[in-house]
Amino acid sequence: MKTLTVFTPSYNRAYTLPRLYKSLCEQTCSDFCWLVVDDGSTDNTKELIDSYIDEGLVQIKYLRQENGGKQRAHNTGVGVCDTELFFCLDSDDRLRPESVEIILDTWKRYGGNAKVAGIIGVCGISDSEPLGSWFPKGIELSTMWDMYYKYGVKGDTAHVYRTDVLRQFPFRVEPDEKFVSETTVYHQIDQHYILAVIPEIISICEYMGDGYTRNARKVTRNNPKGYMRLKRLKFEMSTSPLLKLENMTLYLVGACLAHSVPDAVKSSPNRWLAVLCLLPAFILSKTEFQR
C-alpha cells in the first residue's frame with residue numbers, strides 16, 4: 001500500500017502529460033501512485049497513459065468518465081483513492097525530483113496530529129522561483145486562510161490532504177455548471193483543521209492557454225453559481241471590513257451573471273451591505289467580467 005496518491009484530472013491534455021509523467025519517474029521516493037481521471041478527453045490521452053502503464057516505472061490507475069469538469073473528476077478520484085494522502089497535481093504541472101520525499105518526510109512529523117488535515121507548500125514557476133511569494137519564515141502550522149489573509153502569501157499554493165478529510169468535504173457543482181474553485185472546499189476544511197507548512201517549492205506550474213487560470217473571467221461567466229458560493233463563504237470568514245466589502249461585491253457579480261440578483265440580495269448574509277454593493281457589482285459584471 002502506497003502512502004500518497006498523486007491525482008491528475010485531465011481533459012484533452014495529452015500534450016502536457018509527458019512532462020508531468022517524466023517528473024514522476026524522477027522522484028527520489030517511490031511511495032506514491034499516480035491516479036489519472038480522464039474527464040471525457042477526445043485526444044489520445046488513454047493511449048498515452050496505457051503506454052505509461054506498460055512501461056511499469058510508476059504505479060498508475062486510469063479512469064475515464066463523461067466530461068463534467070475538474071471538480072467532478074476530483075470527487076471521483078477521492079472516491080476511489082486507497083492511500084492516506086491525496087495530492088491534486090494538474091496536467092500542466094510537474095514535480096521537483098524531491099517533492100514526494102519532502103511531502104512524506106513532513107507527514108512523518110505531523111501526521112499523528114488529528115487536527116492536521118494535510119500539507120500546504122509553495123508553487124513555483126521553476127525549481128527555485130516561486131509563482132507568487134515565499135512563505136514567511138517560522139510558520140509550521142496554519143490554515144490556508146491564514147497563509148493568505150494573515151501572513152500575506154501571494155500566488156497559488158500546493159495542497160496535499162488526508163483522503164478521509166476530503167471525503168468529508170466533496171465539491172458541490174451546480175447541475176448546469178462544470179467548475180467551482182478549489183478554495184471553496186479548502187476554506188471549509190480551514191474551519192475544522194490546520195495544515196503543516198512546507199516553505200519549499202513542491203510543484204511547478206505552467207498555465208496553459210486553454211486552462212482555468214488563463215480564462216478566469218470566462219470560467220466565472222460560465223459558472224456563476226459556484227462563484228457566488230465561494231464569495232459568500234469568503235465573506236462569512238472575513239474579519240476585515242474591506243475584505244467583507246470586496247467579497248460581497250463579487251458575490252453579487254456572480255448573482256448578476258446568474259441573473260439571480262433579487263434572490264441573492266434576499267438570501268445575502270448582510271442585506272444592507274448587499275444593497276450598497278449592488279451598483280458596483282453590476283458595473284463590474286458588465287465590464288471587467290466580460291473580458
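## Second largest pocket

Thr 184, Gln 188, Lys 225, Met 228, Arg 229, Arg 232, Leu 233, Glu 236, Tyr 251, Ser 260 and Ser 267 form the lining of the second largest pocket in this predicted model. Two elements each give two or more residues to that lining: helix H7 (183-190) and helix H9 (224-237). H9 provides the largest share, 6 residues. Helices here are DSSP runs of H or I with at least four residues, strands are runs of E with at least two, and both are numbered from the N terminus.

The volume of the second largest pocket is about 190 Å³. By class, its lining holds 3 nonpolar, 4 polar and 4 charged residues. Ala, Val, Leu, Ile, Met, Phe, Trp, Tyr, Cys and Pro count as nonpolar; Asp, Glu, Lys and Arg count as charged; the others, Gly among them, are polar.

A pocket is an open set of points on a 1 Å grid over the protein atoms alone, where a 1.4 Å probe fits, with protein on both sides within 12 Å along at least five of seven lines; lining residues have an atom within 4 Å of a point. Grid points are joined across faces, edges and corners, and the volume is the space filled by probe spheres set on the points.

## Strand S8

Strand S8 (residues 157-162) is mostly covered, with 6 of its 6 residues buried (under 20% relative accessible area, 1.4 Å probe, protein chains only). Thr 157, His 159 and Tyr 161 point one way from S8. Ala 158, Val 160 and Arg 162 point the other way. In a regular strand, side chains alternate between the two faces of the sheet.

S8 pairs in the antiparallel sense with strand S4 (residues 85-88) over 3 bridges, and with strand S6 (residues 116-124), also antiparallel, over 5 bridges. Pairing requires at least two DSSP bridges between the strands. Tyr 161 of S8 is the bridge partner of Phe 86 and of Gly 118.

## Whole chain

The protein chain has 12 helices and 9 strands. Of its 291 residues, 54% are buried. Its C-alpha atoms fill a box of roughly 60 × 45 × 35 Å along the principal axes. The radius of gyration is 19 Å, which agrees with the value near 19 Å for a compact globule of 291 residues (C-alpha atoms; 2.2 Å times the number of residues to the power 0.38).

Among contacts with a separation of 6 or more, 78% join residues 24 or more positions apart. Contact means heavy atoms within 4.5 Å.

## Basis

Residues are numbered from 1 along each chain as its sequence is written, and side-chain values use heavy atoms, without hydrogens and water. The model is predicted: local features need pLDDT of at least 70, side-chain atom pairs count only at pLDDT 80 or more, and totals for chains, interfaces and linings use all residues.

Conventions: Buried < 20%, exposed > 50% of the residue type's maximum accessible area, 1.4 Å probe, protein only.
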